[in-house]
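User: Hello! I am new to this structure and would like to be walked through it. Could you show it to me?

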Amino acid sequence: MPSSSRRDFLRLTGAAGGGLAVFGGLPPFAAHAAPERPDRVTLVPEAEATTLWYRTPAAESRIIQEALPLGNGRLGALIGCDPADDFLYLTDGSFWTGGRNDTPTDDGQLPYGPDDFGSFGLLAKLRVTLPDHTAGTISDYRRSLDLSNGVVSATYRHQGVPFRREAYASHPDDVVVIRLTGGGTHTGTVSLEGTHDESTSYGERRLSFAGTLKNGLRYAASVSAVSTTGTIRADGDKLSFSGCRELLIVVCAGTDYSPDAGKDFREPATDPLAVARAKVSAAAKVPGTTLLATHVADYRRLYDRFSLDLGTSSVVQRSLDSWSRIAVRHTDASTPDPELEATYVQYGRYLTITGSRDWLPMNLQGLWIHNNNPDWYADYHTDINIQMNYWLADPAGLGENAQALARYCRSQLPVWTDVTHRLYNNPDNRFRNSTGKIAGWAIAFSTNVHGGSGWAWHPSGNAWLCNSLWRHYEYTQDRAYLETIYPVLKGAAEFWKSRLLTTTVTDPDGSSREVLVDDTAWSPEHGPDGKGNTYAQELAWELFGEFTTAARVLDRDGQLASELDGMRAKLYLPRVSPKSGWLEEWMSPDNLGETTHRHLSPLIGFYPGDRISADTSPPELIDGVRKLLTARGMDSFGWACAWRSLCWSRLKDAEKAYQLYLTVLRPSMNNGNGTSANWFDMYSQGSYTIFQIDANLGGPTAALEMILYSRPGVVELLPALPQAWSKKGSVSGIGARGGFEVDFSWRNGKATTATIRSVGGTRTELRAGGFRRQIALEPGKSVTVHIP
C-alpha cells in the first residue's frame with residue numbers, strides 16, 4: 001500500500017497511533033502514578049480458599065510441569081518455592097524477537113523462523129538462596145497456589161521454626177513480589193541474570209541489567225531487596241542478606257514495545273531500565289502487608305465476580321495433594337470429584353486474570369515459558385488456539401480480560417492491511433484471490449506482536465478472529481466496544497467480498513443454482529487445498545452476519561451491509577455426505593483428510609458458530625454433525641478434547657461431554673497428553689511434551705457450556721448436565737450472550753431458581769428442561785425466577 005493510501009486508511013479507520021488512540025492509556029511498560037492503597041483487605045482464609053497444593057518444591061529440571069505461575073497480564077513468572085534454592089523465571093508479553101516479516105518466500109507464503117518471524121522468549125531468571133534451609137533441615141513443607149487470593153506460598157519448618165514465603169505479580173504496582181517471613185531470620189543471596197548474555201550491574205540493595213535484541217527492542221530488569229532488620233549489601237553480582245526477620249524482594253522487567261503501528265511498535269520515550277528501577281524502588285518503599293493488600297484487592301475485584309459449586313467431594317479426596325488428586329481421579333473413573341472439577345474451572349479463570357489484562361493477548365503459552373526456544377515460537381496461532389484462549393473469559397465473568405485480544409487486533413490492523421494489499425495477491429501465493437481483487441486485511445496461520453504474520457496465509461483467519469471479538473460484544477452489548485472493533489470487522493468483510501467466487505452447484509433434487517464459494521484454501525490443518533471448504537464457508541457466513549449487525553447498530557455503511565446480506569444468502573453451505581453420512585468438510589461427498597484429525601474445522605458452524613443448532617436445524621444436518629464428531633473420536637490433544645466436549649454439549653450428550661472434560665484433566669504421563677503437576681496442559685510431541693495454554697481455557701469453557709448454553713434470544717439452563725454434577729450445585733456470575741449474567745441453583749438434575757441480570761441486554765427466553773419464560777429487562781435490572 002503506498003504511504004499516502006496508508007495514511008488515508010489510518011485516518012478513516014481511526015487506527016492511527018494503534019491501540020493507544022483506540023483504547024487510551026499508556027504504553028504497556030511506562031511510568032505510572034502510584035496505585036491507590038486499600039485501607040484493609042481481608043484475605044479469604046486458607047481453610048475456605050480454593051487452592052492447588054503440593055508436598056514438595058518444584059524441580060527446576062521440570063519447571064514447566066511443576067512450577068507455579070504468577071502474572072499481572074504483562075509480567076509472567078514461574079516459581080519453584082525451594083526453601084534453600086528458589087528460582088523465578090520472568091517474562092514480559094512483549095519480549096519478542098523478529099519483526100514485520102513482510103518478505104515473502106518463493107511460494108508466496110511468509111517466513112516462519114526465530115529471526116524473521118520471531119519468537120516469544122524468557123527475559124530473566126531470579127534466584128533466592130537460603131543455604132541453611134536444606135532438605136534435611138525442613139519439615140511440614142507445603143506449597144500452594146491460592147486461587148481465591150492470587151498468591152503462591154510455601155510454608156515449612158526449619159529446625160522446628162516456622163517460615164513462610166509468598167509470591168505474586170501485582171497489577172497495580174506492576175512488579176513481582178517475593179516476601180519471606182517466619183519465626184526466625186533469613187540469611188542468603190538474591191541473584192538476577194538475563195538470557196542473552198547481559199551483564200548484571202549492582203547498586204545499593206539493587207541488581208539490574210539492560211539489553212537490545214537484534215530487532216531493536218530494548219529491555220531491562222531490576223530487583224531490589226529490603227528489610228527493616230538485618231543487613232543487605234551488594235556482593236559481586238548478588239545481593240547478600242543476613243539476619244533479616246522479614247525480607248521483601250521486588251522485581252520488575254519490561255521493554256520499549258508500544259502497541260502503535262505508527263511508531264513501528266516502539267516507544268522511544270520509554271527507557272526500560274529507568275522504568276524498571278523506578279517501579280522496583282517505589283514498591284520496595286511500601287510495607288509488605290500493604291503491597292499484598294493492594295494486589296489482593298485488585299485480583300479479587302475480578303476473581304470474585306463468579307463462583308461455581310458442582311457438589312461436595314469426599315474427605316479422602318480433599319486430603320490429596322493436587323497432583324495425586326488428578327491421578328486418582330483418572331484411575332478411579334467411576335468416582336466423581338466435583339470440587340476438583342470445579343477447581344479446574346477456577347484455575348482457568350486464574351490464568352485468564354493473570355495472563356490477560358492490558359495490551360497483548362495470551363499466546364500459545366500465555367505468559368509462561370522456560371526457555372528461548374518454544375515450539376511454534378509460542379506464537380499467536382489463528383486457526384483455533386488464540387481463539388480458544390478467549391472462549392472462557394465472558395462466560396466466567398472476566399469479559400474485561402477479553403479486551404486484550406481486541407486491543408491487539410486494532411493495534412496490528414494497519415500493518416496487516418498494508419501487507420495484505422502488497423503481498424496477498426502475489427502470483428506465487430496459491431491462496432491468492434483469483435478474482436484479482438484485494439481489499440481489507442488478511443493474516444497467516446501465525447502472528448507476532450510486530451505486525452508480522454508467518455507460515456502459510458490463512459484466508460479464514462481474519463473471520464475467526466472477528467468471531468472472537470464479536471463474542472465479547474454478544475455478552476456485553478457494549479456499543480463503545482463495538483465502535484472499537486468495527487474497523488476490524490469491516491476490513492475482514494471487505495476482504496471476503498473481494499475473494500468469493502461464483503460457481504454452479506446441483507442440488508439433490510437435480511436443480512442447479514449459482515452460489516458463492518471461497519477461493520483455494522486449506523481446511524486446517526489437513527486435507528488438500530480446495531475451493532468452498534466448510535470451514536471457510538461457515539466463517540464467511542458468520543462474519544457477514546456480524547458485520548451487517550454491527551453496521552446497523554452503529555448506523556454505518558448501509559450499502560455495504562446490504563450487499564453483504566445478499567452475498568450471505570448466496571453462500572454455499574455444507575451438506576451431509578451421502579457416502580459417509582457426515583457433515584462434509586470439502587465440497588465433496590468424500591472425506592479427503594484424516595478421519596480422527598485433531599481439528600474440528602468443519603464443525604465451526606456448530607461451535608463456536610450458531611448457524612447449525614440442535615434446536616433449530618434439520619434433523620439430518622444434526623445427524624451429520626453427530627456422525628462426523630463420532631468419527632473424530634474421543635481422544636486427542638487437550639485443546640482438541642475441549643472442542644469436542646463443547647460440541648457434544650451442544651448436542652446435549654452430557655456424558656460424552658463430561659468424558660472429554662475428564663480426558664483434558666487426565667495426568668500427563670510418559671510424555672503423553674494431559675494435565676501436569678502444576679495443572680498446565682501438556683501437548684505431546686512424542687519424545688517430550690510442551691505446555692500449551694488453550695486447553696486450560698477451553699476445558700473450563702466446556703464445563704460451563706454443560707450447565708448454561710446461551711445464544712441470541714435464548715438462555716438455557718442445564719442443557720447437558722452430567723450425572724456426576726446432578727445432585728446439587730449452583731453458579732453465580734456466569735455470562736450469557738445477549739447481554740446477561742445469571743445466578744442459578746439446581747437439585748437432582750433440575751434447575752430450581754435463577755436470577756437474570758441485564759448488563760446491556762433487554763430480552764431473552766429462559767429455558768430449563770420444558771420450562772420457558774420470556775424475560776424483558778432494562779439494562780442494569782434483574783429478575784428472579786422460580787422454576788417448577
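Analyst: Gladly; please keep in mind that this is a predicted model. Let us begin with a definition: rings of Phe, Tyr and Trp (its six-membered ring) pair if their centres lie within 6.5 Å.

User: How many aromatic pairs does the count come to by this rule?

Analyst: The rule looks at the distance between ring centres, with a cut-off of 6.5 Å. Applied here, the count of aromatic pairs comes to 39.

User: Is the pair of Tyr299 and Tyr303 stacked or edge-to-face?

Analyst: A pair of aromatic rings is described by the distance of the centres and the angle of the planes. For Tyr299 and Tyr303 the centres are 5.5 Å apart and the planes make 20°. Planes under 30 degrees apart count as stacked, so the pair of Tyr299 and Tyr303 is stacked.

User: Where do Tyr299 and Tyr303 lie, and what separates them along the helix?

Analyst: Both belong to helix H5 (residues 288-303). They are four residues apart there, so what separates them is about one helical turn.

User: Which strands stand at the edges of the open sheet of nine strands?

Analyst: The order of this antiparallel sheet is S1-S6-S7-S8-S9-S16-S13-S12-S11. Two strands have a single partner each, so one side of each is left without a neighbour in the sheet. These edge strands are S1 (51-54) and S11 (201-203).

User: How many residues of the contact of H11 with H13 are nonpolar?

Analyst: From H11, residues including Trp464 and Trp470 take part, and they meet residues of H13, among them Leu539 and Val553. Two residues of this contact are polar and two are charged, while the nonpolar ones number 10.

User: In the open sheet of three strands, which residue in S26 is the bridge partner of Gly674?

Analyst: The order of this sheet is S25-S26-S27, with antiparallel pairing. S25 and strand S26 (residues 681-684) pair over two bridges. In S26, the partner of Gly674 is Met682.

Conventions: Residues are numbered from 1 along each chain as its sequence is written. This is a predicted model: local features need pLDDT of at least 70, side-chain atom pairs count only at pLDDT 80 or more; totals for chains, interfaces and linings use all residues. Side-chain values use heavy atoms; hydrogens and water are left out. Two strands pair if DSSP finds at least two bridges between them. Contact means heavy atoms within 4.5 Å. Ala, Val, Leu, Ile, Met, Phe, Trp, Tyr, Cys and Pro count as nonpolar, Asp, Glu, Lys and Arg as charged, and the others, Gly among them, as polar. Rings of Phe, Tyr and Trp (its six-membered ring) pair if their centres lie within 6.5 Å; planes under 30 degrees apart count as stacked, over 60 as edge-to-face and the rest as tilted.
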